[in-house]
Amino acid sequence: MEVKMNDSGQDFIQRINVKEEEAFHDLFTRFRSYLVLFAMRRVEQLEVAEDIVQETFITVWESKKTYNSYQGFKAYLYELVQNKCTNYLKHRAVEDKYVSYVKVTEEEVDGDYDLMQEEIYRELYIAIRELPGKCRRVFELHLEGKKNDEIAKILGISVLTVKSHKQNAIHFLKERVGNLFLLFVYMNEL
């Protein structure tokens, strides 16, 4: 990675310091593949390594820093890449830890939710069995997803009677199981 293109190291650094566009093109040509390889050894992903090197070039371009020597500049580039790789790996470790935490928490919550849902259904069905005969049958058919006119036809009663039985069942269940009924309604809307 010696200085090429008939450009002495000091001239190259001077051109970088004054933000000469052509010098940054030369910078890219001279160092890109070496820096990508360097980053690749650390992050083990080509795409990530290329992004890190690209960010390094952007950092150099945007920096107001003045470079004194070609060797110092090279060392600075590699140090920048090293730091960006380290930051990437730290960030990835935090993400992995978070993903792992979310999975464990989600499994615990799912288990708790299933248990809670089962308990709500059990309490609700105990209460439904306490409903008077026709009222209970209307509500059970409603829970099966039947429409009012279907329930009326099955039971041989009017649609108005079906609505009345449903209202009575809902009123009874709200009083009997309280907020559990609201939770049941909410869970069935999800």
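How many helices and how many strands are there in the chain, and which rings form pairs within it?

Analyst: This is a predicted model. The chain has eight helices and zero strands. Along the sequence, the pattern reads α-α-α-α-α-α-α-α. The chain has 190 residues, and 32% of them count as buried. Among contacts in the chain with a separation of 6 or more, 62% are between residues 24 or more positions apart.

Now to the rings. Two rings count as a pair if their centres lie within 6.5 Å. By this rule there are nine aromatic pairs. One of them joins Phe38 and Tyr78, with 5.0 Å centre to centre and 90° between the planes. That pair is edge-to-face because its angle is over 60 degrees, the cut-off for this class. Phe38 belongs to helix α2 (residues 21-43) and Tyr78 to helix α4 (residues 70-129), so the pair ties together parts that are 40 residues apart in sequence. Phe38 has 13% relative accessibility and therefore counts as buried, since buried means under 20%.

Another edge-to-face pair is made by Tyr67 and Phe73, at 4.8 Å centre to centre and with 70° between the planes. Tyr67 is buried because its relative accessibility is 5%. Phe73 is buried too, at 1% relative accessibility.

Tyr67 and Phe73 also belong to a cluster linked by ring pairs.

Arg30 lies over the face of Phe12, 3.9 Å from the ring centre. Over the ring of Phe38 sits the charged end of Arg42, 3.6 Å from the centre of that ring. Phe38 thus has an aromatic partner in Tyr78 and a charge over its ring from Arg42.

Helix α3 can be checked by its length. This helix covers residues 46-62, which is 17 residues. At 1.5 Å a residue, helix α3 should span 24 Å, and its end C-alpha atoms are 24 Å apart, so the two values agree.

Last, the surface. The chain exposes about 12,600 Å², of which carbon and sulfur atoms supply 53%.

Conventions. Residues are numbered from 1 along each chain as its sequence is written. This is a predicted model: local features need pLDDT of at least 70, side-chain atom pairs count only at pLDDT 80 or more; totals for chains, interfaces and linings use all residues. Side-chain values use heavy atoms; hydrogens and water are left out. Rings of Phe, Tyr and Trp (its six-membered ring) pair if their centres lie within 6.5 Å; planes under 30 degrees apart count as stacked, over 60 as edge-to-face and the rest as tilted. Helices (H or I, at least four residues) and strands (E, at least two) are DSSP runs, numbered from the N terminus. Buried means under 20% relative accessible area, exposed over 50%, partly exposed in between (1.4 Å probe, protein chains only). A charge sits over a ring if NZ of Lys or CZ of Arg is within 6 Å of the ring centre and within 35 degrees of the ring normal. Contact means heavy atoms within 4.5 Å. Accessible areas come from the Shrake-Rupley method with a 1.4 Å probe; for residues, only the protein chains shown count as cover. The expected span of a helix is 1.5 Å times one less than its number of residues.
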